[in-house]
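Work through the exercises below with the sequence and the 3D view open. Try each task before reading its solution.

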Amino acid sequence: MNAVYEKMLRCYDSIRDRIPFEPEVALILGSGLGDYADDIRVVSTLSYHDIDGFPVSTVPGHKGQFIFGYVGEVPVVCMQGRVHFYEGYPITDVVLPVRLMKLMGAKILFLTNASGGINLDFSAGDFMMLTDHVATFAPNPLIGQNIDELGTRFPDMSAVYDPKLQQIIRRVAADNGIDLKEGVYAQLTGPSFESPAEIKMLSKLGIDAVGMSTVCEAIAANHMGMRICAISCVCNLAAGLSENPLTHEEVQEAANAAAPKFKKLVSESIIRFATA
Ligand code: HPA
């Protein structure tokens with residue numbers, strides 16, 4: 001059997017007795033957004049350390065557990081902390097948690113992240129809903145023998161971010177007076193931030209925001225037929241667009257400041273997804 005698939009099944013077997021229910025929505029929380037969990041009616045938690053072979057984040061601000069609970073009446077599994085390719089894990093490990101959440105039963109994947117804003121209409125603290133992505137600058141998680149049990153060899157990527165879910169998020173933002181930007185997100189590997197010349201290049205390519213996550217997870221989820229949506233917290237202007245050097249602390253501070261509005265947007269959207 002495919003070694004990547006085998007590892008996923010092994011992880012699943014080691015936790016299946018501790019999964020309290022079949023989640024409807026899988027939610028991944030990005031940098032500084034980890035305290036969203038306060039808004040979940042928690043049923044149980046599962047530390048990544050307790051899952052044999054599971055990748056564990058080394059980044060400050062990223063915790064390491066699955067939370068099972070309810071947002072409104074919607075059963076969710078929430079990843080408090082994710083791993084990134086730059087931490088040294090193979091890209092197939094980076095997407096293992098998404099695959100596991102699909103195996104648990106999740107049909108919708110809600111991705112969040114922190115990004116640097118490239119679009120000159122964006123300011124630090126803005127939210128950008130992803131309408132599309134550029135995956136070209138990071139390794140594709142589907143490279144290697146295809147896992148036929150999960151999806152096809154050459155999956156279509158023409159509508160990764162579900163139009164109906166996007167429409168719900170737009171409405172929730174409008175109803176709550178939240179200014180929601182939209183655009184194209186590119187995942188680069190990191191861990192270094194981009195150079196000003198790289199940002200100039202990405203800008204010319206039509207990219208609105210840049211970060212170090214999310215796209216590989218969206219590709220793996222799309223491969224498995226999940227419905228996907230994603231919101232980025234634009235935590236800083238990308239390199240060369242402001243006077244200041246970039247720091248991870250600045251990113252975390254901006255994400256923390258945006259957290260209350262972010263929580264509202266995410267929670268209300270999940271509740272309304274139940275009708276989509
Ligand atoms: N670049 C890449 N990743 C990021 C940034 C950035 O400017 N800000 C937050 N994550």
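**Exercise 1. The ligand shell**

Which residues surround the ligand?

Solution. The model is a predicted one, in which local features need pLDDT of at least 70, side-chain atom pairs count only at pLDDT 80 or more, and totals for chains, interfaces and linings use all residues. Residues are numbered from 1 along each chain as its sequence is written, and side-chain values use heavy atoms, with hydrogens and water left out.

Step 1. The shell is then A114, S115, G116, F193, E194, V210, G211, M212, N236, L246 and V251.

Step 2. Sort the shell by residue class.

Step 3. Assign the shell to elements. Strands are DSSP runs of E with at least two residues, helices are runs of H or I with at least four, and both are numbered from the N terminus. β5 (108-117) and β8 (209-211) each supply at least two shell residues; β5 gives the most, with 3 residues.

**Exercise 2. Polar contacts and cover**

Find the N or O atoms of A114, E194 and N236 that lie by a nitrogen atom of the ligand.

Solution. Step 1. Use the cut-off: a polar contact is a pair of N or O atoms within 3.5 Å.

Step 1. Take the side chains. In N236, an N or O atom of the side chain is 2.7 Å from a ligand nitrogen. In E194, a polar side-chain atom lies 2.8 Å from a ligand nitrogen.

Step 2. A backbone N or O atom of A114 is 3.4 Å from a nitrogen of the ligand.

Step 3. Look at the cover. The ligand taken alone exposes 260 Å², and the protein buries 95% of that; the areas come from the Shrake-Rupley method with a 1.4 Å probe.

**Exercise 3. Backbone geometry**

Solution. Step 1. Recall the background: most residues other than glycine have a negative phi, and most peptide bonds are trans.

Step 1. A cis bond joins G190 and P191, with omega about 0°. P191 belongs to the loop between β7 (180-187) and α5 (196-204).

Step 2. Phi of T214 is positive, near 75°, in a residue other than glycine. T214 is placed in the loop between β8 and α6 (215-223).

**Exercise 4. Buried or exposed?**

Decide for T214, M212, L96, P75 and G177 whether each is buried or exposed.

Solution. Step 1. Set the limits: buried means under 20% relative accessible area, exposed over 50%, and partly exposed in between (1.4 Å probe, protein chains only).

Step 1. T214 has 0% relative accessibility, so T214 is buried. M212, from the loop between β8 and α6, has 15% and is therefore buried.

Step 2. L96 lies in helix α3 (residues 96-104); its value of 3% makes it buried. P75 lies in strand β4 (residues 74-80) and is buried at 18%.

Step 3. G177 lies in the loop between α4 (163-175) and β7. Its value is 66%, so G177 is exposed.

**Exercise 5. Sequence and space**

How far apart in space are the C-alpha atoms of L96 and P141, and those of M212 and V77?

Solution. Step 1. L96 and P141 are 45 residues apart in sequence, and their C-alpha atoms are 9.6 Å apart.

Step 1. M212 and V77 are 135 residues apart in sequence, with 22 Å from C-alpha to C-alpha.

Terms used
A residue is near a molecule or strand if one of its heavy atoms lies within 4 Å of it. A polar contact is a pair of N or O atoms within 3.5 Å; within protein, one must be able to donate a hydrogen and the other to accept it, and residues adjacent in sequence count only if both atoms are side-chain atoms.
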